[in-house]
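Visitor: I would like to learn how to read a structure with two chains. Please take me through it step by step.

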Amino acid sequence: MVVSADQDQAAVLSPARDAESARLMKLLNAVCDPEIPVLTLQDLGVLRNVSVRDGEVEVTITPTYSGCPAMSAMCQDIEDTLAAAGYEQVTVSQSLSPTWTTDFMSDAGRNKLRTYGIAPPVLRRTSHAADDDSGQIQGIECPQCDSNQVELISEFGSTACKALYRCKDCREPFDYFKCI
Amino acid sequence: MRANKTDLVNYCIALGDDSLTLGHRLSEWSSNAPFLEEDLALTNVALDFIGRARMFYAYAADLEGGERTEDDIAYLRDCREYRNLLINELPNGDFAMTMARQLLVDVYDLGFFTELAQSGDANLVAIAAKSIKECRYHLRRSEEWVKRLGDGTTESHQRVQDAFKQLWGYCPELFEMPEREQRLLGEGIAVDRRTLKKNWESVVHKVLKEATLDIPDNSWAISGGRDGIHTEHLGYLLAELQFLQRAYPGQQW
């Protein structure tokens, strides 16, 4: 793992600058989160930069949760996907800054999560959920019946990124993608 | 201004050791917790700590310039080279002991990482920013458990009270400043741990009071982890943690 703080925040998430970068972005867009396979790395907002020089590709991703084992799998999947497309020399590095937040997740990603049965994270920029010491988060809806009458069962779920909730209307338990 | 590289490497390794030892202890609860949700919670928190250790070790390895990898740092050092706080290496004890330790450490960590986020070192700032987010929900949980156990049944009250008594003397070490850290402090890199004590005491005392628990006496104190002088428990912890790499050097999953 190469970890660094990206000094140049403006360089982050550069759009396709040329045809080859565009092709790379398209290839990378097929790489999915191994734990939540409906989300691409781009949906998740972890793909921060792609650059290519003399056939050497450098991909920068930002880790989600510190201990998320999916990050290693993502790095491997990126290398495999690019290798299959003929790029032999690929470096995947992790940049810690700017710190990943669930606000990086795309709207498309949020919708895919909901359809998949996971309540998407509430937006930090419109709520103080992640900083609220009570842990009581407003604005979570049941992905089954859209009710907002939900209750927290546990702040920890089946993976590092999820909390466990229950809908008080349809009584179904569901995963909530934690807002950080 | 460039801090002494060796000091910075050792600072990162000590911070990584704090996280790895406690993360390993928490992982020992896997499949042994009182109920399923708690099993998931303990192992999730363990992952956060182990992930944090990786970030510190990776940065240390990077600073060293390729002499060692993050895995070498974790798996190929013996007790005397570990620099973690003693409280983090103590056995889990019962569930009350585990949650009492988490409270003491979580309150401390939130204060520490909030300060580290102001460091003059960009990589430490980035790791701190990530850690703060996790410390918040760790603390919410340990605080809630201490209150539930303290203000619970006679037995749970007694167990968590005993736990705080047994852990109390390990707390002064949290606020010690080894010489290398004082040098880094002078360079605007390290956190002045001494300044964290007042707020730590005020938060911990408040939670203990709400939990109907007595504040233990400051009648004893023990330290040494920062100099590699550990309790007898660390050797057993490392024997398990490092077994695979010791038995099959270089083995990968």
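The talk below goes from the chains to their contacts and then to single residues.

Guide: This is a predicted model, in which local features need pLDDT of at least 70 and side-chain atom pairs count only at pLDDT 80 or more, while totals for chains, interfaces and linings use all residues. Residues are numbered from 1 along each chain as its sequence is written, and chains are lettered from A and ligands numbered from 1 in the order in which they are written.

Visitor: How many helices and strands are there in chain B?

Guide: Helices (H or I, at least four residues) and strands (E, at least two) are DSSP runs, numbered from the N terminus. Chain B has 11 helices and zero strands. Chain A has four helices and eight strands, in the order β-α-α-β-β-α-β-α-β-β-β-β from the N terminus.

Visitor: How compact is chain B?

Guide: The radius of gyration is taken over C-alpha atoms, and the globule rule is 2.2 Å times the number of residues to the power 0.38. For chain B the radius is 18 Å, close to the 18 Å that the rule gives for 253 residues, so chain B is as compact as a globular protein of that length. Its C-alpha atoms fill a box of roughly 55 × 45 × 30 Å along the principal axes.

Visitor: What percentage of each chain counts as buried?

Guide: A residue is buried if 20 or more other C-beta atoms lie within 10 Å of its own, exposed if 12 or fewer, and partly exposed in between, with C-beta atoms placed from the backbone. Chain B has 48% of its 253 residues buried; for the 180 residues of chain A the figure is 42%.

Visitor: How do I describe two packed helices?

Guide: Two packed helices are described by the angle between their axes and the distance between the axes. Axes are lines fitted to C-alpha atoms, for helices over the stretch in contact, and angles run from 0 to 180 degrees between N-to-C directions. In chain B, helix H1 (residues 5–27) and helix H8 (residues 179–186) pack at about 115°, with axes 9 Å apart. Angles under 35 degrees count as roughly parallel, over 145 as roughly antiparallel, 65 to 115 as roughly perpendicular and the rest as oblique. H1(B) and H8(B) are therefore roughly perpendicular.

Visitor: Which residues of H1(B) and H8(B) make the contact?

Guide: Two residues are in contact if their C-beta atoms, placed from the backbone, lie within 7 Å. H1(B) supplies B:Asp7, B:Leu8, B:Asn10 and B:Tyr11, and H8(B) supplies B:Arg180, B:Glu181, B:Arg183 and B:Leu184.

Visitor: How many residues of chain A and chain B are in contact?

Guide: The contact involves 25 residues of chain A and 27 residues of chain B. On the side of chain A that touches chain B, strand E1 (3–5), strand E4 (89–97) and strand E6 (150–154) each supply at least two residues. E1(A) gives the most, with three residues.

Visitor: Where is A:Pro98?

Guide: A:Pro98 sits in the loop between E4 and helix H4 (107–116) of chain A. A cis peptide bond, with omega about 0°, joins A:Ser97 and A:Pro98.

Visitor: Is B:Ser31 buried or exposed?

Guide: B:Ser31 is exposed, because 8 other C-beta atoms lie within 10 Å. B:Ser31 is in the loop between H1 and helix H2 (36–64) of chain B, and its phi is near 75°, a positive value in a residue other than glycine.
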